[in-house]
Amino acid sequence: MPRTNAIAALSFAAVLAAPPLVAADERSENFQMFCSVCHGDNGKGQTEEGRKKKARDLTNAKWQDTIDDARIVRSITKGHEKMPSFEKKLSADEIKALVAEVRSLAKKSS
Ligand code: HEC
């Protein structure tokens, strides 16, 4: 195989092998649809709605250290203070994925 084809094939393989990571400031569809209105795409809660409802800064790693995944699952499922419940809108698996996404917000800023 000519050299350029080999290189093209290799970089194609690299794209396929890459994990489906969400790019730096890009959130998943569910996050954008259900969470960004208050928490913002960056998770900091600096949206109009977020300020009104006092949404917390989800990127705060120190705060994240103080709570476990089960608590986040419960807050998303049942709601928490002024945050609504999402048990009718999201499946358990979708909520699990959002917990991982919330966790990734803290890692980025620390
Ligand atoms: C209507 C606005 C609103 C929406 C929409 C919203 N939140 Fe919240 N969220 C809040 C507020 C307000 C708090 C602060 C409550 C508190 O003090 O913990 C909060 C807190 C949280 C917490 C911390 C809960 C805890 O146990 O301490 C997490 C995690 C969270 N939100 C994730 C999400 C995710 C994921 C979504 C989308 C499925 C979402 N939120 C949608 C308003 C919202």
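Two residues are in contact here if their C-beta atoms, placed from the backbone, lie within 7 Å. With that in hand, take Leu58: leaving aside its neighbours within four places in sequence, Leu58 touches His39, Gly43, Gly45, Val102 and Leu105 in this sense of contact. What you're looking at is a predicted model, where local features need pLDDT of at least 70, side-chain atom pairs count only at pLDDT 80 or more, and totals for chains, interfaces and linings use all residues. Residue numbers start from 1 along each chain as its sequence is written.

**The overall layout**

- The chain has 6 helices and 0 strands; both are DSSP runs numbered from the N terminus, with helices being H or I of at least four residues and strands E of at least two.
- Read along the sequence, that gives the pattern α-α-α-α-α-α.
- Of the chain's 110 residues, 13% count as buried, which takes 20 or more other C-beta atoms within 10 Å of a residue's own; 12 or fewer makes it exposed, anything in between partly exposed, and C-beta atoms are placed from the backbone.
- Among contacts between residues at least 6 apart in sequence, 40% join residues at least 24 apart.

**The core**

- The largest nonpolar core has 6 residues: Leu58, Ile72, Ile76, Leu98, Val102 and Leu105.
- Helix 5 (69-78) and helix 6 (92-109) are the elements that give two or more residues to this core, and the largest share, 3 residues, comes from helix 6.
- A nonpolar core, by the way, is a set of buried Ala, Val, Leu, Ile, Met, Phe, Trp, Tyr and Cys residues joined through C-beta atoms within 7 Å.
- In soluble globular proteins, nonpolar side chains tend to be buried together.
- Also in helix 6 is Lys96, which counts as partly exposed, with 15 C-beta neighbours inside 10 Å.
- Lys96 and Ile76 are 20 residues apart in sequence, and their C-alpha atoms are 9.6 Å apart in space.

**Helix 2, a helix with two sides**

- Cys35, Cys38 and His39 are buried in helix 2.
- Seen down the helix axis, the buried residues of helix 2 fall within an arc of 70°, so they line one face; the arc is that of the directions from the helix axis to the C-beta atoms.
- An α-helix has 3.6 residues a turn, so residues three or four places apart point the same way.
- On the other side of helix 2, you'll find Glu29, Gln32 and Met33 exposed.
- The buried residues of helix 2 pack against helix 3.
- Just after helix 2 comes Gly40, with a positive phi of about 75°.

**Around the ligand**

- The ligand is surrounded by 24 residues, and the closest are Cys35, Cys38, Lys53, Ser75 and Met83; a residue is near a molecule if its C-beta atom, placed from the backbone, lies within 6 Å of it.
- Helix 2 (29-39), helix 3, helix 5 and helix 6 are the elements that give two or more residues to this shell.
- Helix 2 supplies the largest share of the shell, 5 residues.
- By type, the shell divides into 14 nonpolar, 3 polar and 7 charged residues, where Ala, Val, Leu, Ile, Met, Phe, Trp, Tyr, Cys and Pro count as nonpolar, Asp, Glu, Lys and Arg as charged, and the others, Gly among them, as polar.

**Two loop residues to look at**

- Lys54 has a positive phi of about 60° although it is not a glycine.
- Lys54 sits in the loop between helix 3 (48-53) and helix 4 (61-65), and is exposed, with 11 other C-beta atoms within 10 Å.
- Glu81, not a glycine either, has a positive phi of about 50°.
- The loop between helix 5 and helix 6 holds Glu81, which is exposed, with 9 other C-beta atoms within 10 Å.
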